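Colleague: I have a model open and want to learn how to read it. Please take me through it feature by feature.

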Amino acid sequence: MLKDACKCEFTNSYKLEADFVADPIWCNVCGWNLDIDDFPLTDNLKDELYQWTKQYKKIPINEHNAIGQNLAGKMREELGSDYKIVFITDK
Ligand SMILES: [Zn+2]
């Protein structure tokens, strides 16, 4: 589905998980880090995802998870049923 994404040619399952050094979208099968710009998301939502990643560990964990859940929901809305987005709760 995404060119040059990872070796899992037919997966459409992704996880949303913040990290200090990478974009927060990963292949849910092999764990490959994916480029946010490869997803057909609105600039608004991409921006929100970047902001959320930047705040990682700088805001309380429950707040981080609440925003992440919300962003995962927005991603599902924008991407539709072709993509499966799983939010990984941070501990
Ligand atoms: Zn993969």
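**Reading the fold**

Modeller: The protein chain has two helices and four strands. Helices (H or I, at least four residues) and strands (E, at least two) are DSSP runs, numbered from the N terminus. This is a predicted model, where local features need pLDDT of at least 70, side-chain atom pairs count only at pLDDT 80 or more, and totals for chains, interfaces and linings use all residues. Residues are numbered from 1 along each chain as its sequence is written, and side-chain values use heavy atoms, with hydrogens and water left out.

Colleague: In what order do the elements of the protein chain run from the N terminus?

Modeller: The order is β-β-β-α-α-β. The radius of gyration of the protein chain is 12 Å, close to the 12 Å that the globule rule gives for 91 residues, so the chain is as compact as a globular protein of that length. That radius is taken over C-alpha atoms, and the rule is 2.2 Å times the number of residues to the power 0.38. The C-alpha atoms fill a box of roughly 35 × 25 × 20 Å along the principal axes.

Colleague: What percentage of the residues of the protein chain count as buried?

Modeller: Of the 91 residues, 41% do. Buried means under 20% relative accessible area, exposed over 50%, partly exposed in between (1.4 Å probe, protein chains only). The accessible surface of the chain comes to about 5600 Å², and 50% of that belongs to carbon and sulfur atoms. These areas come from the Shrake-Rupley method with a 1.4 Å probe; for residues, only the protein chains shown count as cover.

Colleague: Now the sheet. How do I read strand pairing?

Modeller: Strands of a sheet pair through backbone hydrogen bonds, either parallel or antiparallel. The criterion used here is that DSSP finds at least two bridges between two strands. In this model, four strands form an open sheet in the order E3-E2-E1-E4, with mixed pairing. The edge strands are E3 and E4, each pairing on one side only.

Colleague: How many bridges join E1 to E2, and how many join E1 to E4?

Modeller: Three bridges link E1 and E2, which run antiparallel. Four link E1 (residues 13-16) and E4, which run parallel. Ser13 stands opposite Lys84 in E4. Leu16 stands opposite Phe87 in E4 and opposite Ile25 in E2.

Colleague: Which residues of E4 lie on the covered face, and which on the uncovered one?

Modeller: Strand E4 spans residues 84-87. Ile85 and Phe87 make up the covered face, Lys84 and Val86 the uncovered one.

Colleague: Let me try single residues. Is Ser13 buried or exposed?

Modeller: Ser13, found in strand E1, is buried, with a relative accessible area of 12%. Leaving aside neighbours within four places in sequence, Ser13 is in contact with Trp26, Cys27, Asn28, Val29 and Lys84. Contact means heavy atoms within 4.5 Å.

Colleague: Val29 is on that list. Where does Val29 lie?

Modeller: Val29 sits in the loop between strand E2 (25-27) and strand E3 (33-34). Val29 is exposed, with a relative accessible area of 57%. Beyond four places in sequence, the contacts of Val29 are Cys8, Thr11 and Ser13.

Colleague: Is Lys46 buried or exposed?

Modeller: Lys46 is buried, with a relative accessible area of 12%. The residue belongs to helix H1 (residues 43-54). Lys46 touches Ile36, Asp37, Phe39 and Leu41, not counting residues up to four places away in sequence.

Colleague: And backbone angles?

Modeller: Most residues other than glycine have a negative phi. Lys57 has a phi near 70°, a positive value in a residue other than glycine. Lys57 lies in the loop between H1 and helix H2 (61-79). Lys57 is partly exposed, with a relative accessible area of 46%.

Colleague: Last one: what percentage of the contacts between residues at least 6 apart join residues at least 24 apart?

Modeller: The share in the protein chain is 49%.
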